[in-house]
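Subject: Structure handover

Hello,

Here is the structure for you to look at. My notes follow below it.

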Amino acid sequence: MVSIIPHVSSRKQTNDRSKPLSFNPETTNDVYDLTGRQIIANATSEQIQKLDAGIYIVNGKKVLVK
């Protein structure tokens, strides 16, 4: 499962604020880790779904892969 992690600006947080993310299968995206290293160039939605569990940056958004 791949979800977008929302930006939280207040200290009050809820348990589950992430929402499922869908990628357009016809486009490709560069995937980065949290240190800014490129993990995959021109990744398809299938490649993003198969990433190891963790947090990545895709299209400038933090993405949680479970």
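Is Asn 59 buried or exposed? Asn 59 counts as exposed, at 55% relative accessibility. (Buried means under 20% relative accessible area, exposed over 50%, partly exposed in between, with a 1.4 Å probe and protein chains only.)

First, the ground rules. This is a predicted model, where local features need pLDDT of at least 70 and side-chain atom pairs count only at pLDDT 80 or more, while totals for chains, interfaces and linings use all residues. Residues are numbered from 1 along each chain as its sequence is written, and side-chain values use heavy atoms, leaving out hydrogens and water.

Overall layout

The protein has one helix and six strands. Their order from the N terminus is β-β-β-β-α-β-β. (Helices, H or I with at least four residues, and strands, E with at least two, are DSSP runs numbered from the N terminus.) Of the 66 residues, 26% count as buried. The accessible surface is about 5000 Å², and carbon and sulfur atoms hold 47% of it. (Areas come from the Shrake-Rupley method with a 1.4 Å probe; for residues, only the protein chains shown count as cover.)

Backbone

Asn 59 sits in the loop between strand S5 (54-58) and strand S6 (61-65). Its phi is positive, about 55 degrees, although Asn 59 is not a glycine. Asn 42 also has a positive phi, near 55 degrees. Asn 42 lies in strand S4 (residues 38-43).

Core

The largest nonpolar core has 10 residues: Val 2, Val 31, Ile 40, Ala 43, Ile 48, Leu 51, Tyr 56, Val 58, Val 63 and Val 65. S4, S5 and S6 each supply at least two residues of this core. (A nonpolar core is a set of buried Ala, Val, Leu, Ile, Met, Phe, Trp, Tyr and Cys residues joined through side-chain atoms within 4.5 Å.) Leaving aside residues up to four places away in sequence, Leu 51 touches Val 31, Ile 39, Ile 40, Tyr 56 and Val 65. (Contact means heavy atoms within 4.5 Å.)

Salt bridges

The count is two. (The rule: a side-chain nitrogen of Lys or Arg within 4 Å of a carboxyl oxygen of Asp or Glu.) Asp 33 pairs with Arg 37, the closest N and O atoms being 2.8 Å apart. Asp 33 is buried at 12% relative accessibility, whereas Arg 37 is exposed at 57%. Lys 50 pairs with Glu 46, with closest N and O atoms 3.5 Å apart. Lys 50 is exposed at 62%, and Glu 46 is exposed at 51%.

Best regards
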